[in-house]
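Have the sequence and the 3D view open side by side.

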Amino acid sequence: MTYAFDPELVDSISAFPTDIMQNYQATRDKFYQLNLARNQRLGSAGVEISERTIPGPENSPDLKLRIYTPEGLTNPAPGLLCLHGGGFVLGDLEFEHGSYLKLCRELRIVVVAVDYRLAPESPYPAALNDCFAALTWVNSNANELKIDPERLGTYGQSAGSCIATALALMSRDEGGPSIVFQYLGIPVFDDRMQTDSMKRFVDTPLWDKTGTSMAWDFYLGDAYKRGADDVPYLAAPARVESVAGLPPTYISTMEFDPLRDEGVLFALRLMQAGVPVELHCYPGTFHGSFMVAKAEISKREAEEILVVIRRGLHCD
Amino acid sequence: MGMVQNKTILVTGGASGVGQATAILLASEGAHVVIADLADHGGAETMKLISSAGGSAEAHQLDVSDYDQMRDLIAQIAKLHGSLDGAFNNAGVAGPVARISKLGTDDWDQVIRVNLTGIFAGVKCEVEQMLLQETGGSIVNTASTCGLVGMYGQTAYNASKHGVVGITRTVALEYAKKNIRVNTVCPGFTETPMLTMRTDVDPSLSDYFDNHVPMGRKGQASEIAEAAMWLLSDRSSYVTGVALPIDGGYTAG
């Protein structure tokens, strides 16, 4: 299918990897090496980076966090729990390190990145439980981390935003720390895969219908079958009966992303339930196209990320 | 007769700070100033300030680290005005404050590219043009006291500014008999956007600066402009290859 991509993105498409889920271990290794090299070039001016190992959920291994604190921070600042993307299967602490550095530096907030367990080795609910353990730990240790617990938000791209949404639902329904704002970038919400964009965008760059189905199969593991009636809403938030009471939310979607419609639909449900929500559909884009940093549309998105999080976390 | 009457002088980084103050001073002393800046508007505000005071100026957008852009601008000036009599290569960036273990290689590259390679490009293109002119010309580069001594958290900035001093001394020797003089001004702590960028983030820095300067205060952009103009003018005719600190005594002891 031909897509009306933004002209500034077109030339970069061939550089994007294909079939990232098909050989996920190789993809994991490749991404790790590339990101590590890039991260070393970035340095850490203005940010103190530390790593902590905290107790994992019950009967689960310990969990690693990477904490980014602005240099010279004296008064408690807003905090942002960051869950990387990667289709539940890929990604690690190096994956979005550059973004987290920037958020910490530009907004003067404390960023906490979670090294959650990946599928298929650890299917649902491992990642969710890891992230919930991280959320509770951050909330309990807010003082030490110099985080204002009233201004603790979450941030996720792609699969990370699925888990972030589930965290908010878990906090609402099972009792958990209050989340002041959630940034849900290019979210994955629905294992049923019945939206119009999901059916049509079978061959879009980086992420397509095949990638989505593999991600869900890996994430749900043996316990659940993709599309079946009993898939829990904490795995696939689109299935939740009511979105009322969720925190103020920002959702970004890309025009030629199979995930586009489920993001838009979830935003609409939030609006109808009276949850403050901002929705942006970026034209001419595809899943992950923000990695083409030099394109004007990507620059606009990068700027908007800062603006909406600054507002959502009530930064000084 | 103004100190730089009828001279055509290029000022890079002319949209703000030391560049803006120098452009305004030069214009008030009779020069036609070509203002260049990375900002989209290329220093249009500076141009307006000059025009409304009865002076003569034009503004261009310029990325000093782009050799081709620099070469094209110099050629354009020569074509329009017949000669380039002076150039104040002043555009620069501060980079992040970070000890070397925290400095990213990307940060290093960017500061060196703009502050050092940008000066190289400017001086090279200007000298090549001035060689075609019987009257030669005068080039002034903005280094810094950081081009003479070290400063915590500024590896890339200081390296670039030391490098500017190096370029200046060498090129001064190369063309001394060709009526082309090359000098640097080395501002100390000067009240410009580059400094307020630091003191806004850490207000205690402002007092630190004041307390470490023998004169007990920061410099004003206009005080740097005075020195730059003198070096650009014929009044400094026997001066070449110097690195002149304008720093309230900071590097004297």
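## Two crossing helices

Helices H1(B) and H8(B) are oblique to each other, a word for angles that are not under 35 degrees (roughly parallel), over 145 (roughly antiparallel) or 65 to 115 (roughly perpendicular). The axes of H1 (residues 17–28) and H8(B) come within 8 Å and cross at roughly 55 degrees. Axes are lines fitted to C-alpha atoms, for helices over the stretch in contact, and angles run from 0 to 180 degrees between N-to-C directions. Helices (H or I, at least four residues) and strands (E, at least two) are DSSP runs, numbered from the N terminus.

Which residues of H1(B) meet H8(B)? They are Gly17(B), Val18(B), Ala21(B), Thr22(B), Leu25(B) and Leu26(B). Their counterparts in H8(B) include Ala221(B), Ile224(B) and Met229(B). The contact divides into nine nonpolar, three polar and no charged residues. Ala, Val, Leu, Ile, Met, Phe, Trp, Tyr, Cys and Pro count as nonpolar, Asp, Glu, Lys and Arg as charged, and the others, Gly among them, as polar. Two residues are in contact if their C-beta atoms, placed from the backbone, lie within 7 Å.

## About the model

This is a predicted model: local features need pLDDT of at least 70, side-chain atom pairs count only at pLDDT 80 or more, and totals for chains, interfaces and linings use all residues. Residues are numbered from 1 along each chain as its sequence is written, while chains are lettered from A and ligands numbered from 1 in the order in which they are written.

## The sheet of chain B

Chain B has an open sheet of seven strands, in the order S3-S2-S1-S4-S5-S6-S9, with parallel pairing. Two strands pair if DSSP finds at least two bridges between them. S3 (56–61) and S9 (243–246) of chain B stand at the edges with a single partner strand each, so one side of each lacks a neighbour in the sheet. Neighbouring strands are turned by 20 degrees against each other on average, direction ignored.

S4 (residues 86–89) and S5 (residues 137–142) of chain B pair over four bridges. Here Phe88(B) stands opposite Val140(B). Helix H4 (residues 105–130) of chain B packs on the sheet, touching S1, S4, S5 and S6. The direction of H4(B) makes about 175 degrees with that of S5(B). Helix H8(B) lies across S1, S4, S5, S6 and S9 of chain B, at about 170 degrees to S6(B).

## The sheet of chain A

Chain A comes to 10 helices and eight strands. Its open sheet of eight strands runs S1-S2-S4-S3-S5-S6-S7-S8, with mixed pairing. S1 (47–54) and S8 (277–282) of chain A are the edge strands. The twist averages 15 degrees from one strand to the next.

S3 (residues 77–83) and S4 (residues 110–114) of chain A pair in the parallel sense over four bridges. Leu81(A) stands opposite Val112(A) in S4(A). Helix H6 (residues 159–175) of chain A packs on the sheet, touching S3, S5 and S6 of chain A.

## Where the chains meet

Seven residues of chain A are in contact with 10 residues of chain B. The chain A side divides into two nonpolar, four polar and one charged.
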